[in-house]
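I set down here what I looked up in this structure, entry by entry.

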Amino acid sequence: MVQGKRLLKLALAVPFHGTVKNRKKIRFNRSTKKPFIGKDDRHQVLENQLMLLFKQAAFNSPFAHNFPIKDHVNAKFTFWFPETKFFTAKGNRSMNIPDLSNLYELPQDVLVKCGILDDDWLIESHNGSSRMPHKDERFILEIELTEVNQHG
């Protein structure tokens with residue numbers, strides 16, 4: 001695989017970096033009254049906020065003509081955490097920082113729900129993705145989607 005042209009680049013301040021794994025709650029379908037497992041309230045609010053932020057940033061970007069993206073992509077996610085959350089008081093990396101693979105899921109789902117990416121199965125790799133500390137007290141999410149040129 002060879003990385004191709006950039007299809008999207010966003011950098012957004014977010015309320016926090018959430019995961020969909022292990023954040024479940026029993027909910028009820030309003031029409032059938034049957035229970036189902038859904039996101040907890042805090043993560044549902046985060047998903048809604050991300051949808052609004054992604055739509056505002058992406059559709060006002062020079063890449064808007066690409067949407068929805070229907071080709072295979074590399075999704076590079078950089079999750080910036082405040083140093084005060086990333087490290088313990090002793091200077092060690094905090095065990096409360098979510099796993100990188102769990103952090104991908106929510107932004108991937110939101111990219112699809114808001115019409116930027118046709119389906120998350122189009123993501124071929126997460127090359128370059130990372131969790132990083134920074135001095136700012138904000139949580140920052142950077143997303144870069146690039147074409148994947150497949151040979152073979």
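I began with His 134, which is found in strand β6 (residues 130-134); helices (H or I, at least four residues) and strands (E, at least two) are DSSP runs, numbered from the N terminus. I worked on a predicted model, in which local features need pLDDT of at least 70, side-chain atom pairs count only at pLDDT 80 or more, and totals for chains, interfaces and linings use all residues. Residues are numbered from 1 along each chain as its sequence is written, and side-chain values use heavy atoms, with hydrogens and water left out.

I noted that His 134 counts as buried at 13% relative accessibility (buried is under 20% relative accessible area, exposed over 50%, partly exposed in between; 1.4 Å probe, protein chains only). A polar atom of its side chain lies 2.7 Å from the backbone oxygen of Arg 138. I listed its contacts (heavy atoms within 4.5 Å), leaving out residues up to four places away in sequence: Trp 80, Phe 81, Pro 82, Glu 83 and Ile 140.

I then turned to salt bridges (a side-chain nitrogen of Lys or Arg within 4 Å of a carboxyl oxygen of Asp or Glu) and found six by this rule. Glu 47 pairs with Lys 113, with the closest N and O atoms 2.7 Å apart. Glu 47 lies in helix α1 (residues 41-59) and Lys 113 in helix α3 (residues 100-113), so the pair ties together parts 66 residues apart in sequence. I recorded Glu 47 as buried at 3% relative accessibility and Lys 113 as partly exposed at 46%.

I also logged the salt bridge of Asp 136 with Arg 138, at 3.0 Å between the closest N and O atoms.

Conventions:
Polar contact = N/O pair within 3.5 Å; in protein donor to acceptor, adjacent residues only side chain to side chain.
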